[in-house]
Amino acid sequence: MAADKSFRLRVITPDRVFYEGENVDMVEFNTTEGQIGILPGHIPLTVIVRPGTLHIYEGEQERQAALHSGFAEIMPEEVTILAETIEWPEEIDLERAQAALQRARQRLMDKEPKTDLARAETALYRAMARIQVLK
């Protein structure tokens, strides 16, 4: 691995090693503090992942995945994302994602005091991430 030109990226879920690459030029994803872009040599940092699109850049290639939640450890030469769930576009069912989006929107508009707004908001962001990755 060339110094300051690329870094190692690992994305791990409880079920599998989702992605492992040695020559990543940049990675972008959402955190609770906003969207973050990581380049080689980034300062050490630990962040909480928020649902959204994971962008992986390797040379001229960009890959996207729907990243739902987790934690990321950022080091100058390596980034590790521990994800609860993450999906490549080919793993996503569009109709199911659209139905989940509608359910989440309905729960957020619901005036029932029993509605767990944090869970409904998370479901909304997850559905939106799935649909965005498919575009």
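This report looks at one helix and at the salt bridges of a predicted model.

**Helix α2**

Let's start with helix α2, which covers residues 117-134. Which residues of α2 are buried? They are Ala120, Leu124, Ala127, Ala129, Ile131 and Val133. These buried residues pack against β6 (52-58), β7 (61-75) and α1 (94-109).

**Salt bridges**

Side chains of opposite charge can pair when their charged atoms come close. This structure holds seven salt bridges, and the table shows some of them, including two that share Glu20.

| Pair | N to O distance |
|---|---|
| Glu20 and Arg8 | 2.5 Å |
| Arg10 and Glu20 | 3.0 Å |
| Glu84 and Arg126 | 2.7 Å |

Take the pair of Glu20 and Arg8. Glu20 sits in strand β2 (residues 17-24) and Arg8 in strand β1 (residues 7-12), so their bridge ties together parts that are twelve residues apart in sequence. Arg10, in strand β1, also pairs with Glu20 in strand β2, and these two are ten residues apart.

How exposed are these side chains? Glu20 is partly exposed, at 42% relative accessibility. Arg8 is partly exposed at 23%, and Arg10 is partly exposed at 22%. Arg8, Arg10 and Glu20 also belong to a network of salt bridges that includes Glu22 and Glu78.

Glu84 lies in strand β8 (residues 78-87), 42 residues from Arg126 in the chain. Glu84 is partly exposed, with a relative accessible area of 46%.

How values were computed: Residues are numbered from 1 along each chain as its sequence is written. This is a predicted model: local features need pLDDT of at least 70, side-chain atom pairs count only at pLDDT 80 or more; totals for chains, interfaces and linings use all residues. Side-chain values use heavy atoms; hydrogens and water are left out. Helices (H or I, at least four residues) and strands (E, at least two) are DSSP runs, numbered from the N terminus. The expected span of a helix is 1.5 Å times one less than its number of residues. Buried means under 20% relative accessible area, exposed over 50%, partly exposed in between (1.4 Å probe, protein chains only). Contact means heavy atoms within 4.5 Å. A salt bridge is a side-chain nitrogen of Lys or Arg within 4 Å of a carboxyl oxygen of Asp or Glu.
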